[in-house]
There are 12 protein chains.
Amino acid sequence: MATILLLHGPNLNLLGTREPQVYGSTTLTNINKMVIERGKELGVEVQPFQSNSEGALIDKLHEARTWANGVIFNPGAYTHTSIALRDAITATGLLVVEVHLSNIHAREEFRHKSMLAPVCLGQICGFGWRSYLLGLDALVGSMV
Amino acid sequence: MATILLLHGPNLNLLGTREPQVYGSTTLTNINKMVIERGKELGVEVQPFQSNSEGALIDKLHEARTWANGVIFNPGAYTHTSIALRDAITATGLLVVEVHLSNIHAREEFRHKSMLAPVCLGQICGFGWRSYLLGLDALVGSMV
Amino acid sequence: MATILLLHGPNLNLLGTREPQVYGSTTLTNINKMVIERGKELGVEVQPFQSNSEGALIDKLHEARTWANGVIFNPGAYTHTSIALRDAITATGLLVVEVHLSNIHAREEFRHKSMLAPVCLGQICGFGWRSYLLGLDALVGSMV
Amino acid sequence: MATILLLHGPNLNLLGTREPQVYGSTTLTNINKMVIERGKELGVEVQPFQSNSEGALIDKLHEARTWANGVIFNPGAYTHTSIALRDAITATGLLVVEVHLSNIHAREEFRHKSMLAPVCLGQICGFGWRSYLLGLDALVGSMV
Amino acid sequence: MATILLLHGPNLNLLGTREPQVYGSTTLTNINKMVIERGKELGVEVQPFQSNSEGALIDKLHEARTWANGVIFNPGAYTHTSIALRDAITATGLLVVEVHLSNIHAREEFRHKSMLAPVCLGQICGFGWRSYLLGLDALVGSMV
Amino acid sequence: MATILLLHGPNLNLLGTREPQVYGSTTLTNINKMVIERGKELGVEVQPFQSNSEGALIDKLHEARTWANGVIFNPGAYTHTSIALRDAITATGLLVVEVHLSNIHAREEFRHKSMLAPVCLGQICGFGWRSYLLGLDALVGSMV
Amino acid sequence: MATILLLHGPNLNLLGTREPQVYGSTTLTNINKMVIERGKELGVEVQPFQSNSEGALIDKLHEARTWANGVIFNPGAYTHTSIALRDAITATGLLVVEVHLSNIHAREEFRHKSMLAPVCLGQICGFGWRSYLLGLDALVGSMV
Amino acid sequence: MATILLLHGPNLNLLGTREPQVYGSTTLTNINKMVIERGKELGVEVQPFQSNSEGALIDKLHEARTWANGVIFNPGAYTHTSIALRDAITATGLLVVEVHLSNIHAREEFRHKSMLAPVCLGQICGFGWRSYLLGLDALVGSMV
Amino acid sequence: MATILLLHGPNLNLLGTREPQVYGSTTLTNINKMVIERGKELGVEVQPFQSNSEGALIDKLHEARTWANGVIFNPGAYTHTSIALRDAITATGLLVVEVHLSNIHAREEFRHKSMLAPVCLGQICGFGWRSYLLGLDALVGSMV
Amino acid sequence: MATILLLHGPNLNLLGTREPQVYGSTTLTNINKMVIERGKELGVEVQPFQSNSEGALIDKLHEARTWANGVIFNPGAYTHTSIALRDAITATGLLVVEVHLSNIHAREEFRHKSMLAPVCLGQICGFGWRSYLLGLDALVGSMV
Amino acid sequence: MATILLLHGPNLNLLGTREPQVYGSTTLTNINKMVIERGKELGVEVQPFQSNSEGALIDKLHEARTWANGVIFNPGAYTHTSIALRDAITATGLLVVEVHLSNIHAREEFRHKSMLAPVCLGQICGFGWRSYLLGLDALVGSMV
Amino acid sequence: MATILLLHGPNLNLLGTREPQVYGSTTLTNINKMVIERGKELGVEVQPFQSNSEGALIDKLHEARTWANGVIFNPGAYTHTSIALRDAITATGLLVVEVHLSNIHAREEFRHKSMLAPVCLGQICGFGWRSYLLGLDALVGSMV
């Protein structure tokens, strides 16, 4: 059975825990549950991990190269600045799908460029928590 | 029953009709069939249209505002240059999901920027024909 | 009697037909009527034309060089991208006044630059439908 | 009866007083007369003022906020450099129409950008002394 | 016998029909005749086509992939803006020589860059109608 | 007893005199009073001056070099454009603290850069009228 | 009683511990004491924290959202590069005052831009350890 | 007898009056005397004027067009920012030589570009007070 | 009989002498022979010259102004950097056709811009040794 | 006896452990051994450390200032983004030699600029594991 | 007796020898004579040298460091591109005055920047052959 | 026995011959001796060459392709401007190590970019004369 790393970058741990009237009540725990559930339907195991530390995210990618068949990655703000995460993806040879809750291309100029996208399989953004589920579908579809 | 416009921009009519050993044998007709089929599963009707003309694509969006509930749009090369298509999306008020076969962020610098993304719901790129199916899922999911 | 081409670019056909509470109820037909009416007062005939196609707008300018004494042109989104329309103005030698409903200089950065203005007589923007009437006054005044 | 400030920026005092074969014999006094005359037809009083000093122009705008219903402003070279005049327009809340004798978009690159346009109602340029009359028409039309 | 598409972009239909004292009396018809004649000498058939529409030019390139052995292409103003035409050249796999009447590198800055040149065999510019004949020689020479 | 020049640039004379519901009722006179009062607590005399003229502000700095021990300076819009004020600070050798009512780094791009900051002791911005009091504290603290 | 997080970014732990003849003998411990002391005078409790890790700083901000009423933040070098810290400030909704020991606008070009300032209340820089005390005054003043 | 305006921009009034050990004891008065003296040798009358106000400098140039045969102009910091002074030179048609005490090309990047040089006869910089005498020689030599 | 200078810039002396399987066996000597031969057919004498030194190329252009009727010039890498060669072309008044073996617009960004093209008659690139023959045809055709 | 910190940045822990046919079988452990061995020959002790975390690398540099006489630093991807590491080098006053396995100047544009090089003794790149040995030679040679 | 190197860069050897009706009949020989003559009046010996080769100009500067007290240098087109000449000036420690016949700041954008000016005493441009005489006066005046 | 070309660019001939208190007494002759000596230890013959002429350096590289097994190259100022030297390295296929005495990345912005590095094996800079010895070690190590 294939295993998927579900990787969340900085600040995503706060999802849904404040201002629910604004951001909705979907917490990161909810998202993880939904993706794991969806994984079961697709026959893959999903292992979630979140960190606010760039180094910890790199460490996780390194570790995952021995057991993961692919990665769903929401790199948060590191999307736009981290060459180190880009190199980690290249160095581990992992198949990565980049996802974002918001439509990053509709926000501030500095969020339009992704340092990671060029080494990912593809990018999905703008669909809220659905971006994750679409990302899993895309990843599993591409792994076949 | 909701109706979806499936809009293809310039050069996409050539898909699969040449160099099948390179691009695969998936033609635009195949893609249209798959998306229509998927639409049936999701309970929506999909109406495909392709043109190489920026003006014709604008005309189609205008026309669709009276009957479409949403749009799956692969704007091809117009993605990066057409303010007119951007204005058409804004002016019609249509809910649009931007899709691309290739990962545009991994290609030439001039393909990284989308003039349309800021007025679309979201962007999906890099998954070949799957990008379309994911786009339909995303659109229908967001319409609920 | 002098004849004036009243040329409208992409998306202007939608004016006034939707969200009247936002954009007002002035349709393109209304604007055309007002300009034609104003033309009668000034002793000139006004011939309106709209297209969403860059090519069709170029064709119209070419055709008009044999019968028009001047042009009121709202190039819409093509203002900022079309070198071909710029060349058409130069090639036909027509006297053109560029008009815009909105104040393009108060909008997104990419709308500040006009590729056409350098080959037009002048530019009027920001006065809604009045921009057209002012454009006609400016053109006829300059033709004397 | 509405009152309009007719404001002229640097170097405009020299209009028409030299090289009449090049610039015509229309002096600033002539332009002021024409605009005042036109104002009478439109039922508004026009009060002209010119200065070469950025500070004096700001002072005038400040003073005018107590008596003017709108401003016709040719900021001359300050158009492209003065954030202070921009702030003065915003701070006074005056309705301002920016006018230029020449088509600034057809001149040197550094004249294409207006620091003031984003806080004005609109911009009219390229029609010589007619720009002022058109500006008055535009302003009065918008004040109704 | 090899067949060559002779493709002309926007505004080239006006060649020679106005201001003959400036641009000379060589019309597009003359140029087509000269190139066809030259083609006969070189043993190739030349089929000319002109359009002001980007979409129509793309359509023509698509169509030509079934019958043309090469293309002489003067893309006019679309040279500098059209990624769609660039993609059409790549997608059709046609051998294209880019030609220009004027020396585009000696004109405005925005005419120096060609979006198409990177996917063409080569570029010839600055020799008036001779650019076309040189382009045909270059193309036929390269086809051998 | 040390003496401090409290210098206000363009448009600051309008503070509090209009739209009190928006900007509050704190006028420049109020601010001057508060800073003078605070100066008394700190044992320094504060002399306020405001002008909309860049030249007058330079003159004031020149004059102050004979009697002032330091300057609290809100240069308003001249912050971003005036090399002449920068040179005046350098030439007079005065110790200057730059203050702003608003957080200039959170506003338009062109307000992020200060031409004066590199020759000032420091910069304080974003705290409304408190910026002035903080500036005085900072200046007096640094003078000890 | 209000509680304030006093947050120090990378390299600030080294303050005062080396080259005292250059940087003075004020250590981070000294600064913390002074700010805590000042807090007592103002009736607020101050809790200091320093880390060289971007992730740890984000974690601290997240944690502080449950107990802190505001933050004095010297982000050190992360000021200019960290979108993740910017997002952390936005996500936690904390009231933050950005402070710097040196006048960052008088140093290298790459230190002029703050990625954080746009989401902070204001910025104070250039006054050495006094910047922290001024920051606390500003924060407490704004919290009233 | 020819008359020359000797025009000094902002901050030049402070020359030599402070830090004589640094800048030398040459005051603006000294420079004026030297240039007047040199003018006598060359048979021209020199009339000096200094102002810190951009507007006053423009006024002076306007006034001088009726009596001056040429101008020696050290525009100080306005060199790099004033389009209004540039327009004043063009509008008055005066023959202007731009001079600078320091070598502006060896200083900060923002001092390398002169907005005025393109409309002056030439530029002389870097020779201290000698720049003025060289400027007079150059001007008188060119007037012959 | 007209005489043509055939000028080759840096590194072109190495053509064909190494890696023949890659670059073909066409040496510079071969190219010179072909161009001389072609010159005979066209009734012009061709005099070849190659140097790796920018100064020597300038010297040659200077010398040629007394005997050459035109120049075929492949400036190699100096194309993109040499203002001195540009000035030499302007100063000698020679009619120059710029040629390149490779399609410089399809190579590295820094090879896209030609400093020389603006002062040449035209540019031909991308056709290998044929570029030279086409250049000669273009030059002789233009000299008639 | 001098002691040297051998510092490795992100992703370098993966060296040689995967795709040996591509990257060779030299692991980080091998490199550390070689550098330690070489250190013995040169009479210095080498202490290796690797981390994927920017903060941990800063911490290590801080700690090393009490015991290290110099540093061999391969900052990996942080080379191009980390101002914090730059400040750490400056703050600790350590003598640092920057080394890279690959020739960073021959890779993507964003890898050409090093934020750290300006505060290092020198940079060595492009020689694989030899870069480290050369770095040690350079450091020890400079320490004499 | 002081000795001055009078150094002329590329293309200056052509001065006055062609198109005398355009450029005047002043040849480089004339200029050299005038400067030598002027040198005699000032009590210095002037030794002229011209080359089109960057290397030869560097060689000359190197040689001159043993006998020249200063240099009048018109670097022609190398002004804008040669870091090697800049380094030669710095390395030789020679006192250099940069002169230009034309006003380089009034010409093409790429002629506005001088790579040499930052290491020269000053710059004089725009006065034709008089620039050289003014340069000698400036140099000798500064040498006293 | 392998032979190495030791190539020095512009101004390096002046090393050590002036201001020994500043640059030390190491002349180019000394450096050449040290590198030759080191070569003997490594079993390679070293042949030094220096020129201030870009063309002569290109000629030398061309000549060396028949006898050299590698090159140690300090291109001096040509590092940053010479595409011709870059092409020479590519065209000759020589293995080149780029060395610099100073740390070019710590100097002026225009010295940070090397046009040659992308076609060299690697770059070593900042270690004074040791850079050459390290370069030789690197080259010989890579040749094994």
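Visitor: Contact means heavy atoms within 4.5 Å, so to speak; with that in hand, how far apart are the closest C-alpha atoms of chain C and chain I?
Guide: They lie 20 Å apart, and no contact joins chain C and chain I. This is a predicted model, in which local features need pLDDT of at least 70 and side-chain atom pairs count only at pLDDT 80 or more, while totals for chains, interfaces and linings use all residues. Residues are numbered from 1 along each chain as its sequence is written, chains are lettered from A and ligands numbered from 1 in the order in which they are written, and side-chain values use heavy atoms, with hydrogens and water left out.

Visitor: And what about chain B and chain G?
Guide: Chain B and chain G do not touch either, and 20 Å separates their nearest C-alpha atoms.

Visitor: How many residues does each side put into the contact?
Guide: Chain J gives 23 residues and chain L gives 23 residues. The copies meet through the same surface, because 100% of the interface residues of chain J are also interface residues in chain L.

Visitor: What area is buried there, and what share comes from carbon and sulfur atoms?
Guide: About 1800 Å² is buried between chain J and chain L, and carbon and sulfur atoms give 57% of that. Buried area here is the accessible area, taken with a 1.4 Å probe, that two parts lose on being put together, summed over both.

Visitor: Which elements of chain J make up that side?
Guide: Those that give two or more residues to the side touching chain L are β5 (122-125) and α5 (130-143) of chain J. The largest share, six residues, comes from α5(J). Helices (H or I, at least four residues) and strands (E, at least two) are DSSP runs, numbered from the N terminus.

Visitor: How many salt bridges and polar contacts cross between J and L?
Guide: Between chain J and chain L there are zero salt bridges, a salt bridge being a side-chain nitrogen of Lys or Arg within 4 Å of a carboxyl oxygen of Asp or Glu. Ten residue pairs, both at pLDDT 80 or more, are in polar contact across this interface. A polar contact is a pair of N or O atoms within 3.5 Å; within protein, one must be able to donate a hydrogen and the other to accept it, and residues adjacent in sequence count only if both atoms are side-chain atoms.

Visitor: How many salt bridges does the structure hold over all chains?
Guide: Over all chains there are 72 salt bridges. One of these bridges joins the side chains of D137(B) and R38(B), at 2.8 Å from N to O. D137(B) lies in helix α5 (residues 130-143) and R38(B) in helix α2 (residues 28-42) of chain B, so this pair ties together parts that are 99 residues apart in sequence.

Visitor: Switching to rings: what lies over the face of F49(C)?
Guide: K60(C) does, at 4.5 Å from the ring centre, and in chain J, K60(J) lies over the face of F49(J) at 4.6 Å. The rule asks for NZ of Lys or CZ of Arg within 6 Å of the ring centre and within 35 degrees of the ring normal.

Definitions and conventions
Contact means heavy atoms within 4.5 Å.
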